[in-house]
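Biologist: I'd like to learn how to read a fold from its contacts and strands. Could you walk me through one?

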Amino acid sequence: MLCTRLTNANVLTMDPDRPVAHDLGIWRGRIVGLDEAVASLPAREVVDLQGATVLPGFIDSHVHLSWTGLKARTPSIAGLTRIEDVLAAVEDAVSRKCAAGAWVSIGGYDQRALGRHLTATELDRVGNGRRIFLMHDSGHACVVNSAVLDMLPADVPHADGLLVESAMGAVRRLRLPYSQAELADAIEHAGRVCLSEGVTACAEAGIGGGLFGHSPVELGAYQLLRDEGRLPLRVQLMPGGETLKQVGAHEYDGIPRALDLGLRTGFGDDWLSVGALKIYTDGGMMARTAALTEPYEGMDTTGQLQDDPDRLTRLIVDGHLGGWQLAVHAIGDRAADLALDALERAQKLRSRPDARHRVEHAGLIRPDQLPRFARLGVSAVVQPTFLHSFGDDYAQVMGEKRAPWMYRGRGFLDHGVTLVGSSDRPVTDGAPLRAIQFMVERASASGRAIGPDEAVTVEEALRAYTVAGAYACRWDDSAGSLAPGKRADLVVLGDDPRRVDPSRISGIEVLSTFVDGHEATEAGKL
């Protein structure tokens, strides 16, 4: 007997051997068959979907769940455009912290809305003895007041309270660690938002180190949720590259650095597992720190790398030799050169044809870099919604020549590169349907065309959030398509993205989300 049979549905399986079905049978969390294979079987529950469209659950291959949940609980200055209004909001947040020396964290900071960066001097006027930390929306910069600057070593560079990249990391280390209980609550909140948008699995892009780690024991927060039955969706964790340690492994193993006990990609189960090793090579476009080969338009900076190029290269090579799948953050084309050079060197030292290394963001990729992605078998994990939300600004700072190279679609596919969709939430909107619409339209929120030649078809965009996401996360044997034996993780939509005008894709209603064969959207807990 089936546990559940979905009937009268428009099932888009993403399986080329059987692309469409009308009935889908579920038993113990797995798909057991389609159409005639299940139509006559008894089932404990038969759900008539009345023609609704069913797709594999969306896979968001690059998110920050902890940050998303914490940000939702943090006072925000998003939307404010006047310095005096921002300072008034900071002062109000300060007034709620009773103890002198308490930390006051504030989100939603973006200097572009204000025309310039805030300063420590300005924050001092409203700080009242508290330690103020304004997190830039990109995650690559912050502004703090003098109470925080006084705690930092003298050699940490800043510009009147503005700290970027590794200097920001020095500030974050002062605030850490968050408790596992606090992180678990934040992760659960973010996970339920993902479910409401049809996401059934995601990759947490950096824990325990780097720019976005929140605790040296951060993995424990996810295990706590798993133990308590509160983990809303499947999560793959990317340890930060800095968490690797020098190890005295056997010389024949050829492993120079590893996590304790040699833990690496693939450890875990269907719900919680260890994925790629996350390595940062540069910053971000919002903060003007993405590393470019030519300066930002109208500016005298080409961004910056996170560390000495040789040290970054050694970390990438050591991760490969240690058996890791690598997720290398590279937004600018100069950073992409470094990442591709290092990955090529690593493969020459030890060939691993199915390593499935990934470049995260691939925000600005020159035409000559596309064949290298293909030759090295590197996936491009892009965030299409960045250009919907920030495309006007990004196009301006990249200039007419480079703007069409941003967050490519068609260019990757035409070169045989696996194109993977993701959100990088909470940097911007995480809804997959909005990203899919942008991939097809290539239009910013203002309607400006951003590299229209990089547009892909609806089917190709859907594939980026299903089949390609499963491949990039090494879940392709159990997820990404609706076929017998695979997980019963799926999303039910109010319309078929292939049949509506592209401008309507983001507005399609997510009717329900199933994880392990159970409807998860409304129940609150699985």
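**Reading the fold**

Modeller: Start with contacts, meaning heavy atoms within 4.5 Å. Of the contacts in the chain with a separation of 6 or more, 74% are between residues 24 or more positions apart. This is a predicted model, where local features need pLDDT of at least 70, side-chain atom pairs count only at pLDDT 80 or more, and totals for chains, interfaces and linings use all residues. Residues are numbered from 1 along each chain as its sequence is written, and side-chain values use heavy atoms, with hydrogens and water left out.

Biologist: What share of the 526 residues counts as buried?

Modeller: Buried means under 20% relative accessible area (1.4 Å probe, protein chains only). Here 60% of the 526 residues qualify.

Biologist: Which residues have the most contacts inside the largest nonpolar core?

Modeller: Such a core is a set of buried Ala, Val, Leu, Ile, Met, Phe, Trp, Tyr and Cys residues joined through side-chain atoms within 4.5 Å. The largest has 120 residues, with Phe-373, Met-406 and Phe-412 making the most contacts inside it. A second, separate core of 20 residues includes Val-104 and Leu-114.

Biologist: And which strands pair with S23?

Modeller: Strands are DSSP runs (E, at least two residues), numbered from the N terminus, and two of them pair if DSSP finds at least two bridges between them. S23 (residues 490-493) runs antiparallel to S7 (residues 53-56), joined by 4 bridges, with Val-54 opposite Val-492. S24 (residues 510-515) also pairs antiparallel with S23 over 4 bridges, and there Thr-513 partners Val-491. Both faces of S23 are covered: Leu-490 and Val-492 are buried on one side, Val-491 and Leu-493 on the other.

Technical notes:
Buried < 20%, exposed > 50% of the residue type's maximum accessible area, 1.4 Å probe, protein only.
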